[in-house]
Amino acid sequence: MGRTFSNSLLLLLLLSGMLWPQETTVRRSFTFRSEALRTAIDSLMRWYGVPIVFLERDVAGRWVVAGCTDCAFDRALASVLSDQGLRATRIGGQIVIRAGEEAPAGATLAGTIVDSLSGDPLQGAVVILRTDENDAPQRWATTGASGFFSLRDVPEGTHRLQVRRVGYEPFRAAVTIDDRSEMVQEFRLLARELMQPHVTVEGRRSAFGAADGISRGVFIRSAPSDQHQYFLEGARIYHPVHFGGLASAFNGDALRDVQSVAGGVPPYYGGRIGGVMDLSLRTGSRDAVKGSVEIGSLGSGLVVDGPLTGSTTFVLSGRQRYPDLLSRFSYPNEVPSDLHALEGLFKVERMMGDHQRLSVSGYVSRDAMDRAVDGGPARRLENALRWKNAAASVRWHGVADRALLFSANMSFSAYDLSANHRSFGGGGASAFHASAASVQDLSLRAHAEYFYDRYHTMLGGVDVVRHGLAGTIDPFTSQLVAASLDGPAPWELSVYLQDQWRLTPSIQAEVGARATSFVAGDGASSSVDPRFSLMLTLDDDRRITGSISAVTQYLHPYRHSGLFLFYPSIFFYPTDRRIPPQTSLHGALGYEQTSRDDRYRLALETYGRVTRDLHEFAADSTRTSAATLADALLLGEGTSVGMEVTVDKRTGDLTGTLRYGFSWTTNRFAALNGGRPFQPRFDRRHEVYAAVTYALTPSWTLGALALVSSNHVPLVGAVTSEARTAGTEGAILTGADARYAEPFDLNGGRLPGFQRIELRASYAFALLDRTVEASLRMLNGYGLVDPFRWRLLASSDPRAQWAITYEPPPLLPLYPSLHVRVRF
């Protein structure tokens, strides 16, 4: 009955429209950006004077992104109805629009976006397809790590393709699309000179890409280095910094891309309540062997790349760091620590045809620190620390068809730490304390991306990791209890799924989840972490983003106030029957605007994070009942809120960045500080960062960098050693001897402020047909790496006989560092 009435009404409208006056000579230009189809049709009738008949149910819920320049009615109507699954029929003097049978599906345009010189796939490239140059976008996509994109249901014919990516010239071309088109096309972008800010300090976007990467740990959203997750070519790296967080552990010349995820963590990642840094090595040159050699005051390095065969390339990099040579300027009256670091990496990649790549990569790093401390007559402490990373991975990815992408990764990574201490007492007696810990991960990941239609792209995969933990920790090293890490290796199995859903042409949502099961020797835990993000595109240059992410962490770093300042994380311990996982919920809201030529960028973002079952250990020598880590573990909660404002100028002779960050982080434990909240040492209340580079001439380049963070105030509520001897509970306890006021706790006085200044001048010239670049850097004391001071404490408790403090060097003077690089 209802259908008969609808058809009768439609027929009546058709008959009445026969007498409608027509105007067919009108030409109009228009653009619809996420307009309701009903509204667009009404506009066409008003502009062109042509009656259009349709049923409400056929157009309800449909949106239009279309545009037309100087168009007659037929072309305008075709652009509005493009990809709507509707048919338009002319009956007499009017147009009838009906759903009827589905229109034939369009073709698929698929391709990869690569660097024109190296052939490296480019992540984050925006691909836009238009009917004409000035029309509104018909299809769009953003490339992933493989540089692949797929535009589904594209009407056959000739279209205008536009590709934009930061650091590259925009690509525009006319493409003809039909079912006989090449399966996957390759589009090459030409790189242009682009400022990459030295955000290495504090580990931001290009965290490991600066020339020397002097920092003080990697802090993302007020979370410390060991709470973040690091990947190099898909392999987990547990401590990718030198000298306890003061210098980067990767040569920026060998890196292709650094993806920093501070909030809105996609389901692809999981296992750390902090941020994520995913690094990729570049592809070697296909044309000839080339490279560079660098010799400098702080370190030396070598990078070589080139072809092995016609379809196989290699990259090889090695560096040695010796910052202790210049640290003597900071403390001329002391013997500085003996610091050394060595690192090497390689990558071999083969193009296998049909858009498939197979690569093998490896990485090693070694750090050593030796320091002897005298504490009075016949009292001495000798320290020898060694830590190292190693990783190897095999990666494959290929395009199955124009809508399906597969990738697989198998990797092995190892992290080892040894800490040896020999103490000499007043009577000449000595004691030796040795600790060692290691993590060995064997992981396998399979990942797929399916471009289902123009509205949905499905991503999913499986991630399996075997964590091999081993080691023995001496109480002298942990300053708490002895710990044995030997036991059955835990297994971590994760399954993740995500739908990239284009709700409207200007709104895209990413909805997904990551389900994880963690099986240890005496227990198992499981979780499902939902992930959601939303992006509202206002136009080509402005966008608003929001995200909510839940993360569960099963493998935990142990930290201590005495060791945390210099050591990497001493060791990692797993979740088990007595140790619960840590969980966090992170939300963010941001706005970003760029100029049309990507010259300028403005970004604002606010964030908040809540952490439950936060782990902490408190050194309290009055408690002797703690026999294991589980006995000494304290559980609490943490909150962090903050905002960041960043302004970049990314192209031209003068480039630079200016960033201000504010954060407010508090932790609360029932057994610490009387149960009151306190600020942890890694809270970064105020921070201002500025970097500028000016190309004075083709040969001369000048640069400056400054980072200033607010002084970290002492912890409110800490009690003195007299209170400790009285056995005060619910408070943070300080030094074991009344003569020492420095905190002997794990949440004590926060680090002082961080003020770094650097001036740089470089000159490039030709010598014997080689390009030579000489640079002079002027650094303040923060760039000379050894601000850590070891002290001996007079205490009968062996755990309280030593400590490390951080004494900030003065802002001035500046010390010179000379580097010479030869390219061949």
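**Close-up 1. Strand 10 and its two antiparallel neighbours.** In this predicted model, strand 7 (residues 126–130) runs antiparallel to strand 10 (residues 157–164), and five bridges join them. Strands here are DSSP runs of E with at least two residues, helices are runs of H or I with at least four, and both are numbered from the N terminus; two strands pair if DSSP finds at least two bridges between them. Look for Leu129, whose bridge partner in strand 10 is Leu161. Strand 10 also pairs with strand 11 (residues 171–177), again in the antiparallel sense, over seven bridges. Here Gln162 has Arg172 of strand 11 as its bridge partner. Six residues lie between strands 10 and 11 in this hairpin, and Gly167 in the turn has a positive phi of about 95°.

Two notes apply to every view. Residues are numbered from 1 along each chain as its sequence is written, and side-chain values use heavy atoms, leaving out hydrogens and water. Because the model is predicted, local features need pLDDT of at least 70 and side-chain atom pairs count only at pLDDT 80 or more, while totals for chains, interfaces and linings use all residues.

**Close-up 2. Helix 2 against helix 4.** The axes of helix 2 (residues 37–48) and helix 4 (residues 73–81) come within 11 Å and cross at roughly 175°. Axes are lines fitted to C-alpha atoms, for helices over the stretch in contact, with angles from 0 to 180 degrees between N-to-C directions. The two helices are therefore roughly antiparallel (angles over 145 degrees; under 35 is roughly parallel, 65 to 115 roughly perpendicular, the rest oblique). Leu37, Ala40, Leu44 and Tyr48 of helix 2 meet Phe73, Ala76, Leu77, Val80 and Leu81 of helix 4, where contact means heavy atoms within 4.5 Å.

**Close-up 3. The buried residues of helix 4.** These are Phe73, Ala76, Leu77, Ser79, Val80 and Leu81. Buried means under 20% relative accessible area, exposed over 50% and partly exposed in between (1.4 Å probe, protein chains only). Their cover includes helix 2, strand 1 (28–36) and strand 3 (63–71). After helix 4 comes Asp83, with a positive phi near 65°.

**Close-up 4. Aromatic pairs.** The count comes to 18 aromatic pairs, with ring centres of Phe, Tyr and Trp (its six-membered ring) within 6.5 Å; planes under 30 degrees apart are stacked, over 60 edge-to-face and the rest tilted. Phe32 and Trp47 are stacked, 6.0 Å centre to centre with 5° between the planes. Phe32 is buried, at 6% relative accessible area.
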